[in-house]
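User: Can we go through this model together? I'd like to start with pockets and then move on to the strands.

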Amino acid sequence: MGKKKLIIIIASLVAVLGIGAVVLFVVLKDKGYRLLKVYEVEGDASVTREGIGKIDPYNNMVLESGDVISLVTGKMCLKADDDKYIYLEEGTELVLNASGDSENSKTVIELRSGAITNDIQNKLSEDSVYDVNTPNSTMSVRGTMFRVAVYEINGVKYTKVTTFEGTVVTRLVYKDGTVAEEEVAIEKGKEVIIYEDGTTTDYVSEPRDIDFSEIPDSVLGIVRDAQNDGRDVALLEGDAVVTFTYKGAVFATQYVQKGEKAVRPSLQPAETGDWKYDFDQPVTEDLTIEWE
């Protein structure tokens, strides 16, 4: 009888622990804890963590708030939650600060040097924050794709903000650390340059059209991928619009750099037929390709 009683007690404990584990899993899942990680890295890069020092980053490495992330050469992309991507360019160093949960998140990036392209693919919740701070400015977004570059020429510090999608709101940060109350909105297709020369912090000019000739090829590739995914991003200069139609309706759209080739869509609108086009032919202008 004693052995039977002991078995019943053990079975009861296992059941309770199992239920507890399920409850804990559900609670954590509902809480939506944030995931910060190195999405992709290749080249000379490092992550410096307080109390540990420098760490060699690797794909899918989990990051912590406060990590200092540096890319000397190569490429690197960070991922926050499931829909926020931060692409680092060579010579970039930043501090990643993140708190909250995936639904109500606070992400603050301190860009110390170099340039980053931020791709926030879903609109933030009302209680969420996504800010990028530089030595002379701060910018906030709700959901957009934009690039921020910091550099120095003859002792003058510059910040260049380029908006590919949505709107970025900027404010000046003065040398004493105070932040201007006035906001300047940088709309899709526009960019602005901010300077600080030791005595004055101001905008070089009003927001102007993006000069795509100054955008690195790696960033142009990110924007072009977004275009081909159907997102409402600024059209790249030199791109041709290739429209695929089926029975008079638009089936797909591609943005192709002039001189390059269009790509056959991965899906087809019907079981029989084909696209009436030679895909080995370079694209030189906007065109429409029909399914027959």
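User: Which residues lie nearest the centre of the largest pocket?
Analyst: K75, M76, Y87, L88 and S218 lie nearest the centre, out of 15 lining residues. A pocket here is an open set of points on a 1 Å grid over the protein atoms alone, where a 1.4 Å probe fits, with protein on both sides within 12 Å along at least five of seven lines; lining residues have an atom within 4 Å of a point. This is a predicted model: local features need pLDDT of at least 70 and side-chain atom pairs count only at pLDDT 80 or more, while totals for chains, interfaces and linings use all residues. Residues are numbered from 1 along each chain as its sequence is written, and side-chain values use heavy atoms, leaving out hydrogens and water.

User: What volume does the largest pocket have?
Analyst: About 310 Å³, taken as the space filled by probe spheres set on the points, with grid points joined across faces, edges and corners.

User: Which elements supply at least two residues of that lining?
Analyst: β1 (36-49), β3 (67-80), β4 (84-88) and α2 (217-228) each do. β3 gives the largest share, four residues. Helices (H or I, at least four residues) and strands (E, at least two) are DSSP runs, numbered from the N terminus.

User: And the lining by class?
Analyst: Eight nonpolar, three polar and four charged residues. Ala, Val, Leu, Ile, Met, Phe, Trp, Tyr, Cys and Pro count as nonpolar, Asp, Glu, Lys and Arg as charged, and the others, Gly among them, as polar.

User: Switching to strands. What does β11 pair with?
Analyst: β11 runs antiparallel to β8 (residues 137-140), with four bridges joining them. β11 also pairs with β12 (residues 184-187), antiparallel and over four bridges. Two strands pair if DSSP finds at least two bridges between them.

User: Where does V169 sit in that?
Analyst: V169 in β11 stands opposite S140 and also opposite A185 in β12.

User: Which face of β11 is covered?
Analyst: The one with V168, T170 and L172; T167, V169 and R171 form the uncovered face.

User: Now E126. Buried or exposed?
Analyst: E126 is exposed, at a relative accessible area of 70%. Exposed means over 50%, buried under 20% and partly exposed in between, with a 1.4 Å probe and protein chains only. E126 is in the loop between β6 (105-120) and β7 (129-134). Its C-alpha atom is 7.9 Å from that of N104, 22 residues away along the chain.

User: How many helices and strands in total?
Analyst: Two helices and 18 strands. Of the 292 residues in the chain, 41% are buried.
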